[in-house]
Amino acid sequence: MARRPKAPKDMSTLFNSTTGTLAQIQSKTNSLSLLSDIVRQICPDLPEDAFNIANFVHTTLIIEVKSPVWGQRLQFERNTICNQLMIQTQGKFSHIEIKVNPQGHRQIPNQSTYQQNTLESNSIQTNSIKNRSFSEKKGSVQSMSTTTAENLLRIAKNAPKGLKETLERLAANVMNNK
């Protein structure tokens, strides 16, 4: 069976369309941002990340907050928010549901990213094991320079007795390994 070639569609026609999935998503996103602005105007003291307009279903607006404290603050302003929503949306929303969801504001890691990160961390762990055995042979202070050791000796001159001894031993160890 032969394939029918399809002409590519211009992306601007997809975004500017008034019907279809993208148009519905765009409409809902715009509505959620407008509703968020209404709540923010009524409660300007709420931090930006304290609440999230989660969804709206029929005549109910669902607001997620990340702590019970902010939930109580919104409960206190519930009637004012509800009245303002009735005015702004021509009676579309008449109920508000406030849910406390402390986990809702955290980003969920992408599964493929999570797997890639675990693979990277495993390779880093094996490399650190190899480097540890190398550093045990070479000495644990190999990365310190002689100028650093000289500076440690200068600091040790004015340091208290216990710290002075430790700094001198550290500097001597660096000088012996070089």
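Q: What makes a residue count as buried in this predicted model?
A: Buried means under 20% relative accessible area, while exposed means over 50% and partly exposed lies in between (1.4 Å probe, protein chains only). By that rule, 22% of the 178 residues of the protein are buried. Local features here need pLDDT of at least 70 and side-chain atom pairs pLDDT 80 or more, while totals for chains, interfaces and linings use all residues. Residues are numbered from 1 along each chain as its sequence is written, and side-chain values use heavy atoms, leaving out hydrogens and water.

Q: How do you know how many helices and strands the protein has?
A: Helices (H or I, at least four residues) and strands (E, at least two) are DSSP runs, numbered from the N terminus. Counting such runs gives seven helices and three strands. Their order from the N terminus is α-α-β-β-α-α-β-α-α-α.

Q: Why is helix 2 called oblique to helix 4?
A: Helix 2 (residues 21-42) packs against helix 4 (residues 78-88) at about 135°, with the axes 10 Å apart. Angles under 35 degrees are roughly parallel, over 145 roughly antiparallel, 65 to 115 roughly perpendicular, and the rest oblique. The angle of about 135° falls in that remainder, so helix 2 is oblique to helix 4.

Q: Which residues make the contact between these two helices?
A: Contact means heavy atoms within 4.5 Å. Helix 2 brings Leu-35, Ile-38, Val-39 and Ile-42, and helix 4 brings Thr-80, Ile-81, Gln-84, Leu-85 and Gln-88.

Notes: Axes are lines fitted to C-alpha atoms, for helices over the stretch in contact, and angles run from 0 to 180 degrees between N-to-C directions.
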